[in-house]
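Hi,

Here is the structure I promised to pass on. Have a look at it first, and my notes follow below.

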Amino acid sequence: MACSSIDCPLNTVEGCKYGFAGDVTVLSDTLTINALRTDGNDMTLLNRKVNVSNFVLPLSNNQPSDILLFSFTDALNVTLTDTVRVFKTDMARFESVDCSPVFFHQINDVEWTRNVIDNIIISKSTVNYDTIGCNLHIYIKPGH
């Protein structure tokens, strides 16, 4: 009789954690986030989230930056959208031939438009399995 053990991590999802900071730590607007992909297969990553203070989004594994559309809809149903571009370096991580491929990321820079978002600060540049703390802190303009 033989036994085998595969040591794949149970939490194989690495994600970039965003958190609201400054005067607005809980967003009262409805937030939807869409990812624009270079292959044209755009996708919704967060759909109509309300009263959110933080969230985790995946990063792509095959492009040097991700483009995200943050759509903020207020109580009067007015929507303002900011484009956020996260520049990153993908780092392949070999765990085992029996495990799914894993990519960690190094956030190098962030650019954004300023309709609702006032500032974004990189607080933890390495994106891996660690979910303690936020990678990016988002500061919202006053009045939102």
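What share of the 144 residues of the protein chain counts as buried? The answer is 35%, where buried means under 20% relative accessible area, with a 1.4 Å probe and protein chains only.

Before you go further: this is a predicted model, where local features need pLDDT of at least 70 and side-chain atom pairs count only at pLDDT 80 or more, while totals for chains, interfaces and linings use all residues. Residues are numbered from 1 along each chain as its sequence is written, and side-chain values use heavy atoms, with hydrogens and water left out.

On the overall fold, the protein chain has 10 strands and 0 helices. Both are DSSP runs numbered from the N terminus: helices are H or I with at least four residues, strands are E with at least two. The C-alpha atoms fill a box of roughly 65 × 30 × 25 Å along the principal axes. Of the contacts between residues at least 6 apart in sequence, 52% join residues at least 24 apart; a contact means heavy atoms within 4.5 Å.

You'll find D29 in the loop between strand 1 (16-21) and strand 2 (30-36). D29 counts as buried because its relative accessible area is 7%. Leaving out residues up to four places away in sequence, D29 touches K49, V50, N51, F72, T73, D74 and H144. As for D74, it sits 45 residues from D29 in sequence, and the two are 4.7 Å apart in space, C-alpha to C-alpha.

Cheers

Note on methods:
Buried < 20%, exposed > 50% of the residue type's maximum accessible area, 1.4 Å probe, protein only.
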